[in-house]
Amino acid sequence: MKKHIFWLLPICWMGIIFYSSHQPYENQDVKPLLNNFINVSFLEPYLNWLSFTYHESVVSVEQLGVAGFIEFFIRKGAHVSVFLVLCLLFYVAFRKAGKQKHSKALIFSLFLTVIYAILDEIHQGFTPNRTPYVGDVILDSFGALLAVGLLVLFLKRKDRRPR
């Protein structure tokens, strides 16, 4: 029974992701924080030249303001980091509870994380002022791949150490 406790880690983390995805965009807006507590206007000359399209919207300082531009990267960085952590937690659960080999645990962890990323985007389609977007699934999957890469590097380094 003790070994199954490790499954609570990814399950709780998925609950946090679900709760966060259920929040309307306005409840997660960090622009007021950036505008009121941190003066980010000094970054404008350094960021003015950047402009690109994401999900059919132009992302630039001109369109979003400096705070909105920075918030975009905070939000997209959250996609990567949150799903990186989820993949790591799945890996721990597979290794501790199921005694899976490293390779199987990595593959299963990656697979489950990507599946949850897809389900999370579908869930966002039912949340006010949120829309599902395949680009966010790609970012989430990149976070999971990054976790797998970090785990592979860690495991290779661990195997090289003298015992």
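The model is predicted, so local features need pLDDT of at least 70 and side-chain atom pairs count only at pLDDT 80 or more, while totals for chains, interfaces and linings use all residues. Residues are numbered from 1 along each chain as its sequence is written, and side-chain values use heavy atoms, with hydrogens and water left out. The protein has 6 helices and 2 strands, and the C-alpha trace spans about 55 × 40 × 30 Å along its principal axes.

**Layout**

- Starting at the N terminus, the order of elements is α-α-α-β-β-α-α-α.
- Helices (H or I, at least four residues) and strands (E, at least two) are DSSP runs, numbered from the N terminus.

**α4 with α6**

- Helix α4 packs against helix α6 (residues 134–160) at an angle of about 50°, with the axes 7 Å apart; axes are lines fitted to C-alpha atoms, for helices over the stretch in contact, and angles run from 0 to 180 degrees between N-to-C directions.
- The two helices α4 and α6 are therefore oblique to each other (angles under 35 degrees count as roughly parallel, over 145 as roughly antiparallel, 65 to 115 as roughly perpendicular and the rest as oblique).
- Contact here means heavy atoms within 4.5 Å; among the residues that make it are Phe83 and Leu84 of α4 and Leu150 and Leu151 of α6.
- By class, this contact of α4 with α6 has 15 nonpolar, 2 polar and 3 charged residues; Ala, Val, Leu, Ile, Met, Phe, Trp, Tyr, Cys and Pro count as nonpolar, Asp, Glu, Lys and Arg as charged, and the others, Gly among them, as polar.

**α4 with α5**

- The axes of α4 and α5 cross at roughly 135° and come within 8 Å.
- α4 and α5 are therefore oblique to each other.
- Residues in this contact include His79, Phe83 and Phe90 of α4, along with Phe108, Leu112 and Tyr116 of α5.
- The contact of α4 with α5 divides by class into 13 nonpolar, 4 polar and 3 charged residues.

**α1 with α5**

- For α1 and α5, the axes come within 9 Å and cross at roughly 25°.
- That angle makes α1 roughly parallel to α5.
- Met14, Ile17, Phe18, Ser21 and His22 of α1 meet Tyr116, Asp120, His123 and Gln124 of α5.
- By class, the contact of α1 with α5 has 4 nonpolar, 4 polar and 1 charged residues.

**The largest pocket**

- The largest pocket holds about 900 Å³ of space; a volume is the space filled by probe spheres set on the grid points, which are joined across faces, edges and corners.
- Of the 32 residues lining the largest pocket, the closest to its centre are Tyr25, Arg75, Lys76, His79 and Arg130.
- On a 1 Å grid over the protein atoms alone, a cavity is a set of points where a 1.4 Å probe fits but cannot get out, and a pocket is an open set with protein on both sides within 12 Å along at least five of seven lines; lining residues have an atom within 4 Å of a point.
- Two or more lining residues come from each of α1 (8–22), β2 (57–60), α4 (61–97) and α5 (102–124).
- α4 gives the most to this lining, with 11 residues.
- The lining of the largest pocket has 15 nonpolar, 10 polar and 7 charged residues.
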